[in-house]
Amino acid sequence: MKMPNRSVRLTDHMMLIGFTLAVVYWILDSIMSIFTSYGNLLEQLLGVNLDEIWTRIIVLCLFAIFGSHAQYTINERKKAEAKLERDAATRERFQRLLSPDLAERVVSGELKVEKGGKDRNATVLFVDIRGFTTISESHQASEVLRLLNEYYEVLVEVVFRHEGTVDKFIGDEMMVIWGAPVVHEDDPYRSVMAALEMKTALAEFNRKSMIVGRPEIKFGIGINTGNLMAGYIGSSHTMSYSVIGDTVNTASRLCSSAQPDQILISENTWNRVKNRFDTTPLGKIHAKGKFKPVNAFAVTGVKPLPG
């Protein structure tokens, strides 16, 4: 068992230490008075002489002030160290989810991340590799893991550039949120723009990978906008920020229905971005796991600016 730190215990009683030093000084001063004079012993101990009394009282006060000031300084230093540790832990946790700029704003208190569930209107994006089972079967697990990590580095950089929140990685699938915990007025636009940039970034990634003999990666993307519940999910031992609701399920189903290199968006998302992107209506598709068909649109590019 780890023994308590003795120095830490002492620094918790600086006021008492200061008072004790003053009493020791009083006793030693009285003893010296006894040896240097032959007056009454009680008078020498108590300091009947007015000058001696005031001197000892002043010394007692000085030591008490020293102790209280030292204790205050130590306590403030401990509070500052504890805050630095909490901020570092918070920064590390949110830097895994948010871009560094947003994580820093959360740590500083500029952005609030509330614990507990909260209704949100947010946009959810799923991106999933097509043919990943084939890639896994034909390559060593270590090679596949390295390929996945490098692939996610490229995608997450795009997400952070558009200030999205990386919710989780599920094997070869990634889930991203816009609108929780950080809200922007143009979250649906940011999500679709990020999806298009992911396609561009993946093309460059594949070009470099195929030069060294690695397999080409193709993915499908599904995006949906709507109401959901956002908050901390987990047990008392470990929790993570996430979102749940039919909005999430629909985005996942759209992703499953997307063809390689296809970006599918729901009608809810399309209504918010139709003036910014070129899309092709696909009508109602029967997304896996959904009782009702979903009205979907394929995003083909960015509309040119008017004028």
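## Terms and model

Buried means under 20% relative accessible area, exposed means over 50%, and partly exposed lies in between (1.4 Å probe, protein chains only). By that scale Met 229, at 33% relative accessibility, counts as partly exposed.

This is a predicted model: local features need pLDDT of at least 70, side-chain atom pairs count only at pLDDT 80 or more, and totals for chains, interfaces and linings use all residues. Residues are numbered from 1 along each chain as its sequence is written, and side-chain values use heavy atoms, with hydrogens and water left out.

## The chain as a whole

The chain has 10 helices and eight strands. These are DSSP runs, numbered from the N terminus: helices are H or I with at least four residues, strands are E with at least two. Of the 307 residues, 39% count as buried.

The accessible surface comes to about 18400 Å². Carbon and sulfur atoms hold 59% of that surface. Areas come from the Shrake-Rupley method with a 1.4 Å probe; for residues, only the protein chains shown count as cover. Take contacts (heavy atoms within 4.5 Å) between residues at least 6 apart in sequence: 66% of them join residues at least 24 apart.

Helix 7 (residues 141-161) has 21 residues and reaches 30 Å from its first C-alpha to its last, close to the 30 Å expected. The expected span is 1.5 Å times one less than the number of residues. Its buried residues include Val 144, Leu 148, Tyr 151, Leu 155 and Phe 160. Just after helix 7, Glu 163 takes a positive phi of about 55°.

Helix 8 (187-211) has 25 residues and reaches 36 Å, close to the 36 Å expected. Just after helix 8, Gly 213 takes a positive phi of about 85°. Helix 9 (residues 246-257) has 12 residues and reaches 16 Å, close to the 16 Å expected. Among the buried residues of helix 9 are Val 248, Ala 251, Leu 254 and Cys 255.

## Salt bridges

A search of the whole structure finds 11 salt bridges. The test is a side-chain nitrogen of Lys or Arg within 4 Å of a carboxyl oxygen of Asp or Glu. Glu 150 pairs with Arg 214, with the closest N and O atoms 2.7 Å apart. Glu 150 lies in helix 7 and Arg 214 in the loop between helix 8 and strand 4, so the pair ties together parts that are 64 residues apart in sequence. Glu 150 is partly exposed at 31% relative accessibility. Arg 214 is partly exposed too, at 24%.

Arg 190 bridges to Asp 186, with the closest N and O atoms 2.8 Å apart. Arg 190 counts as buried at 19% relative accessibility, while Asp 186 is partly exposed at 30%. Lys 208 and Glu 204 meet at 4.0 Å, N to O. Both lie in helix 8, four residues apart, about one turn of the helix. Lys 208 is exposed at 51%; Glu 204 is partly exposed at 33%. Glu 157, Arg 161 and Glu 197 are linked in a network of salt bridges.

## A nonpolar patch

Met 229 lies in strand 4 (residues 218-234). With Ile 233 and Ile 244, Met 229 forms a nonpolar patch on the surface. Together they have about 250 Å² of accessible area. Patches are made of residues with over 30% relative accessible area and no salt bridge; like charges are joined within 9 Å, nonpolar side chains (Val, Leu, Ile, Met, Phe, Trp, Tyr) within 5 Å.
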